Amino acid sequence: MAVSTLSPTAYFSSFSPSSDSLISSSPFKPFKPPPFWPWREKVKMGPFTVSPMGFGTWAWGNQLLWGYQESMDSELQRTFNLAVENGINLFDTADSYGTGRLNGQSEKLLGKFINEFQDVILRKIHLGCYLSLRQKQIQDNIVIATKFAAYPWRLTPGQFVNACKSSLNRMQLEQIGIGQLHWSTANYAPLQELALWDGLVAMYDKGLVRAVGVSNYGPKQLVKIHDYLKAQGVPLCSAQVQFSLVSMGKDQIEIKNICDSLGIRLISYSPLGLGMLTGKYTPSKLPQGPRALLFRQILPGLEPLLNSLREIAQKRRKTISQVAINWCMCQGTIPIPGIRTVNQLEENLGALGWRLNSNELLQLEEAALESPRKMIQNIFQTR
């Protein structure tokens, strides 16, 4: 799913002062262009040209960790629409996102929002100016990266292909942008691992996905799957790993170096450390739910890093979150912070359009080393 986006000039030249009445009854928030239009800057990822930052949808349907309620769906849709209007075209999801009866809810919502997407800008354009600009074109510019869980009952390539078909049905799509293996089973079921790799090859060959990627792969397994897929004529587009100032370690650096050498784009999930790098929490002000246990252990040791983030944010007139996300982009990765509200989205968009300088990068990395506690790595990440 990828076509070129209209230039900002084309949009601006079509604005009409008298057209504001067209959106007066709109349920969506009136569009306010930020100082930076992300489509001026794009990055390559396999066959795609994508925004330098995407967004994750782990929270969509997750009641346990993120307190999701179906009443939040209208806010989620406003948030999605505003992201697309601001040039964001990469969205990450998974077939396992959603708790209990809501399993798969993230994919369902994402598909629903894409299909119902109404571009607010178009409502501010004189009808007839862009009759050739159809909703389908806007939809096709969106790159969906979904992950297929390595469940123990998915033992054959055919079962993995069926998982892909189920995701397509939930999202009401004909093709997925990037089909990703959610985690490696090499540590506990090496034979299943090979079947899953063959499943990725099969869904690529069948045209169900335009590209393939992996998630939670360590350095050794990343090289192995890259070489295996390459031998089958399938390029490895992306590798997704927990990557942030609070999770940096030897493996993350090695994975990034491998990605650079093999032409794989690294996608940074949890670039804000589940919220620890937002500056909104302290040891005496913890989030609700299971995250509080983790934050209670790690936050007391993050003062050097948080102080550096705060200092740079003040100098730059940015927020702590924006600085932390920008650091990920400065490393050549594509961060995918989670979004649930319009306010979160607008803040995250402020991470675009500027870059930390070399002194600031060094200051943050030294402060990260001074912080004694690190983010707990995903238990499924392999070596």
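A crossing of two helices is called left-handed if the near helix is turned anticlockwise from the far one by less than a right angle, and right-handed if clockwise. By that rule, helix H8 passes helix H9 in a right-handed crossing. Helices (H or I, at least four residues) and strands (E, at least two) are DSSP runs, numbered from the N terminus.

This is a predicted model, in which local features need pLDDT of at least 70 and side-chain atom pairs count only at pLDDT 80 or more, while totals for chains, interfaces and linings use all residues. Residues are numbered from 1 along each chain as its sequence is written, and side-chain values use heavy atoms, with hydrogens and water left out.

## The chain as a whole

The chain holds 14 helices and 10 strands. Of its 383 residues, 56% count as buried; buried means under 20% relative accessible area, exposed over 50%, and partly exposed in between (1.4 Å probe, protein chains only). Contact means heavy atoms within 4.5 Å. Among contacts between residues at least 6 apart in sequence, 79% join residues at least 24 apart.

## Helix pairs

Two packed helices are described by the angle between their axes and the distance between the axes. Axes are lines fitted to C-alpha atoms, for helices over the stretch in contact, and angles run from 0 to 180 degrees between N-to-C directions.

| Helix pair | Axis distance | Angle |
|---|---|---|
| H6 (residues 157-171) and H7 | 7 Å | about 50° |
| H7 (residues 190-205) and H8 (residues 219-231) | within 11 Å | roughly 45° |
| H8 and H9 (residues 250-262) | within 9 Å | roughly 20° |

Angles under 35 degrees count as roughly parallel, over 145 as roughly antiparallel, 65 to 115 as roughly perpendicular and the rest as oblique.

H6 passes H7 in a right-handed crossing. On the H6 side the contact is made by Pro157, Phe160, Val161 and Cys164, and on the H7 side by Ala195, Leu196, Asp198, Gly199, Leu200, Ala202 and Met203. By class, this contact has nine nonpolar, one polar and one charged residues. Here Ala, Val, Leu, Ile, Met, Phe, Trp, Tyr, Cys and Pro count as nonpolar, Asp, Glu, Lys and Arg as charged, and the others, Gly among them, as polar.

H7 and H8 cross at roughly 45°, which makes H7 oblique to H8. Their crossing is right-handed. Glu193, Leu194, Trp197, Asp198, Leu200 and Val201 of H7 meet Gln221, Lys224, Ile225, Tyr228 and Leu229 of H8. The residues of this contact divide into seven nonpolar, one polar and three charged.

H8 and H9 are roughly parallel to each other. Their contact joins Pro219, Leu222, Val223 and His226 in H8 to Asp251, Glu254, Ile255, Ile258, Cys259 and Leu262 in H9. It has seven nonpolar, one polar and two charged residues.

## Helix H12

In helix H12 (residues 320-330), 11 of the 11 residues are buried, so H12 is largely enclosed by the rest of the structure. The buried residues include Gln322, Asn326, Trp327 and Cys330. They pack against strand S9 (265-269), helix H11 (303-316), strand S10 (334-335), helix H13 (342-349) and helix H14 (358-370). H12 is followed by Gly332, which has a positive phi near 85°.

## Residues in strands

Ser238 lies in strand S8 (residues 236-242) and counts as buried, at 0% relative accessibility. Leaving aside neighbours within four places in sequence, Ser238 is in contact with Met45, Ile178, Gln180, Val212, Gly213, Val214, Ile264, Arg265 and Ile267.

Lys44 belongs to strand S1 (residues 43-45) and is partly exposed, with a relative accessible area of 48%. Not counting residues up to four places away in sequence, Lys44 touches Thr49 and Arg265. The C-alpha atoms of Lys44 and Arg265 are separated by 8.1 Å, although the two residues are 221 residues apart along the chain.

Arg210 is in strand S7 (residues 209-215) and is partly exposed, with a relative accessible area of 31%. Between the C-alpha atoms of Arg210 and Ile176, which are 34 residues apart along the chain, the separation is 6.4 Å.
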